[in-house]
Amino acid sequence: MRLLYQKGYNHIMNYKQIAQETLNIEADTLIQSAKNIQNEFDKIFKEADLILAPVSPTVAPKFGAYKSSLQMYLSDIFTVVANLIKSPAISVPTFVDKYPVGIQIMGKLKDDYKVLNFAYK
């Protein structure tokens, strides 16, 4: 148990360092922002069981289209929200005008079954 706690602590400290050095943002500000996002999604989930959202702002790129790892990271930026709000989520492939597109299905906390069941159908 101590090892898991230490790993979690190390991750938090790494994020804090990245936030302060790279983004010039205090970690407490990032944590508060995540809580605000969580509150907004809690309001949405009071009216909906699931949220369907794109995985990426664009269709799938051609092989080798990304010139940097940052471009590749930003291509699935919409999936970050599910992690921030601790939402069970799954991405499923579909097609739009013959181009592959990922659709993300997000559910309420502890509604994993609904998410998986919807994705299966």
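Author: One term first: a residue is called buried under 20% relative accessible area, exposed over 50% and partly exposed in between. Please keep in mind that this is a predicted model.

Reader: Thanks! Is D49 buried, partly exposed or exposed?
Author: The relative accessibility of D49 is 42%.

Reader: Is K114 buried, partly exposed or exposed?
Author: K114 has a relative accessible area of 36%. The buried class lies under 20% and the exposed class over 50%, so K114 is partly exposed.

Reader: And D111, is that residue buried or exposed?
Author: D111 also meets K114 in a salt bridge, at 3.8 Å from N to O. The relative accessibility of D111 is 18%. Buried means under 20%, so D111 counts as buried.

Reader: How many salt bridges does a search of the whole structure find?
Author: Among them are K114 with D49, K114 with D111 and K43 with E40, where the closest N and O atoms are 3.3 Å apart. Searching the whole structure gives a total of 4.

Reader: About how many helical turns separate K43 and E40?
Author: K43 is partly exposed at 47% relative accessibility, and E40 is partly exposed at 45%. Both are in helix α2, 3 residues apart, so they are separated by about one helical turn.

Reader: What about aromatic rings: are F41 and F45 stacked, edge-to-face or tilted?
Author: There is 1 aromatic pair by the rule used here. The ring centres of F41 and F45 are 6.5 Å apart, with planes at 45°. Stacked planes are under 30 degrees apart and edge-to-face planes over 60, so this pair is tilted.

Reader: Which helix holds F41 and F45?
Author: Both of these residues are buried. They are 4 residues apart, about one turn, and the helix that holds them is α2 (residues 27–45).

Reader: How far apart are the C-alpha atoms of A34 and N83?
Author: A34 is also in helix α2, and this residue is buried with a relative accessible area of 17%. Along the chain A34 and N83 are 49 residues apart, and their C-alpha atoms are separated by 9.9 Å.

Reader: On to the backbone: what is the phi of D97, roughly?
Author: D97 lies in the loop between β2 (89–96) and β3 (99–107) and is exposed at 66% relative accessibility. Although D97 is not a glycine, its phi is positive, at about 50°.

Reader: What is phi near for K110?
Author: K110 is in the loop between β3 and α5 (112–120), exposed with a relative accessible area of 73%. This residue other than glycine has a positive phi near 75°.

Technical notes. Residues numbered from 1 in each chain as written. Predicted model: local features only at pLDDT ≥ 70, side-chain atom pairs only at ≥ 80, totals over all residues. Heavy atoms only, no water. Phe/Tyr/Trp six-rings, centres within 6.5 Å; stacked < 30°, edge-to-face > 60°. Helix = DSSP H or I, 4+ residues; strand = E, 2+ residues; numbered from the N terminus. Buried < 20%, exposed > 50% of the residue type's maximum accessible area, 1.4 Å probe, protein only. Salt bridge = Lys/Arg side-chain N within 4 Å of Asp/Glu carboxyl O.
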